[in-house]
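Here is a friendly walk through one protein model, taken a few residues at a time. Keep the 3D view open as you read.

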Amino acid sequence: MKLRVIYVLTHDSIGVGEDGPTHQPIEHLASYRAMPGILTFRPCDVVETAEAWQIALESEHTPSLLALSRQNLPLLRTSAAENQTAKGAYFIAGADKERRLTILATGSEVSLAVEAMTKLAEQGIKAAVVSMPCWELFDRQSPAYKKAVLGTAPRIAVEAASPFGWEKYVGDNGRILALNDFGASGPADKLYKHFGLTVENLVKTAKELLKKK
């Protein structure tokens, strides 16, 4: 109907505590992104959340959905001078020009990606972290912009949800750290470790990917 309806959803991933798979659907983000005519946002911090809210308010003929985390997340953005979320995806941290690897992430996993980037830098591996709060907006950008953001280095995507759809961003030779099973009951940190969504596993995956290059 092209109406400006705004949905604000919480509990966006497996990090919801001891509620188990009934509260941890991994396929919802993919299904929302598959719906035509709706903007799906998964912001990484308070700045991206405010930017997504601004876009939702200004999109007079488009419904929007904000999938927010239950966890407290660190502030990753140091400037809100420009609405970066409006681009759908953007370079948020790391070595942009000399990157050997690009890590793509959304929501709470962006901070995980930034931590992994720091660990890789300590080992002499320069990586770039790209936050992708809204796939739909990124897909509308110019080919030149998308190429500049994604780069030519190998790519890894990390998201605490189904891997469905990430293939078009990581390419045939990329890797995806995601979930092919429903969540389990337990504290968020233990669940992330159980499913391999950790800084250590991301660093390991990155090094394996670079070896195969």
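## Arg42, a buried arginine

Arg42 is buried, with a relative accessible area of 1%. Here buried means under 20% relative accessible area, exposed over 50%, and partly exposed in between, using a 1.4 Å probe and protein chains only. To find Arg42, look in the loop between β2 (39–41) and α2 (46–58). Helices (H or I, at least four residues) and strands (E, at least two) are DSSP runs, numbered from the N terminus.

## How the model is read

This is a predicted model, in which local features need pLDDT of at least 70 and side-chain atom pairs count only at pLDDT 80 or more, while totals for chains, interfaces and linings use all residues. Residues are numbered from 1 along each chain as its sequence is written, and side-chain values use heavy atoms, with hydrogens and water left out.

Arg77 sits in the loop between β3 (64–67) and β4 and counts as buried at 7% relative accessibility. Its side chain makes a polar contact of 2.6 Å with the side chain of Glu51. Beyond neighbours within four places in sequence, the residues in contact with Arg77 include Asp45, Val47, Glu48, Glu82, Tyr90 and Ile92.

## Cysteines without a disulfide

How many disulfides does a search of the whole structure find? The search finds zero, where a disulfide is a pair of cysteine sulfur atoms within 2.5 Å. For Cys44, the nearest cysteine sulfur is that of Cys134, 13 Å away. Cys44 is buried, at 2% relative accessible area, and Cys134 is buried too, at 0%.

## Two exposed lysines

Lys97 is in the loop between β4 (90–94) and β5 (101–105), and at 77% relative accessibility it counts as exposed. Its C-alpha atom is separated by 8.7 Å from that of Ala128, 31 residues apart along the chain.

Lys2 belongs to the segment before β1 (6–9) and is exposed, with a relative accessible area of 64%. The phi of Lys2 is near 55 degrees, a positive value in a residue other than glycine.

## The largest pocket

The largest pocket has a volume of about 310 Å³. Of its 16 lining residues, Ser108, Leu112, Asp189, Tyr192 and Leu197 are the closest to the centre. The elements that give two or more residues to this lining are α3 (109–122) and α7 (188–194).

On a 1 Å grid over the protein atoms alone, a pocket is an open set of points where a 1.4 Å probe fits, with protein on both sides within 12 Å along at least five of seven lines; lining residues have an atom within 4 Å of a point. Grid points are joined across faces, edges and corners, and the volume is the space filled by probe spheres set on the points.

Key: Polar contact = N/O pair within 3.5 Å; in protein donor to acceptor, adjacent residues only side chain to side chain. Contact = heavy atoms within 4.5 Å.
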